[in-house]
Amino acid sequence: MPIEEKPSRNEDEYFVKLDAELLKARREKLDAERRAQERAAHLMKCPKCGADLVERDMNNVKVDQCTECEGVWLDKGEMEMVLHTEESGFSRVVRDLLGARFR
Ligand SMILES: [Zn+2]
């Protein structure tokens, strides 16, 4: 009897459908677990080079800076904080990047 013989009875079709649904559910669970693991593995890692990020205080603005490439990551709201801090080389650079015209 061929292994891949198409089920001809309703009962066979029922179990084939059930198996497919179980496999689909299992696949979705594995995918969700893998996504969670990937997110955890990337937590506080540089999006550019993958090295560790460390939180630093720059003019009372909290930034996450890469320990390797020294790239800087700003949390939501921190960019606005930079613009409200006193004039510094850093905020001048950010203003230029944003195309803001304050002077
Ligand atoms: Zn980096």
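Reader: Is C66 buried or exposed?
Author: The model is predicted, local features need pLDDT of at least 70, side-chain atom pairs count only at pLDDT 80 or more, and totals for chains, interfaces and linings use all residues. Residues are numbered from 1 along each chain as its sequence is written, and side-chain values use heavy atoms, without hydrogens and water. Buried means under 20% relative accessible area, exposed over 50%, and partly exposed in between (1.4 Å probe, protein chains only). Because its relative accessibility is 3%, C66 counts as buried.

Reader: Which class does C69 fall into?
Author: C69 has a relative accessibility of 40%. On that value, C69 counts as partly exposed.

Reader: Which geometry does the site of the zinc ion have?
Author: Donors are N, O and S atoms within 2.8 Å of the metal (3.2 Å for Na, K and Ca); water is not among the atoms, so sites may look incomplete. The zinc ion is coordinated by the SG atoms of C46, C49, C66 and C69 at 2.3 to 2.4 Å. Four donors count as tetrahedral if all angles lie between 85 and 135 degrees. The angles among the 4 donor atoms are 99 to 122°, and the site is tetrahedral.

Reader: What spacing do the donors of the zinc ion follow along the chain?
Author: The coordinating residues are C46, C49, C66 and C69. Along the chain, their spacing is C-x2-C-x16-C-x2-C.

Reader: What percentage of the residues in the protein chain is buried?
Author: The protein chain has 103 residues. Buried residues, C66 being one of them, make up 16%.

Key: Tetrahedral: all angles 85-135°; square planar, octahedral: opposite > 155°, others 65-115°.
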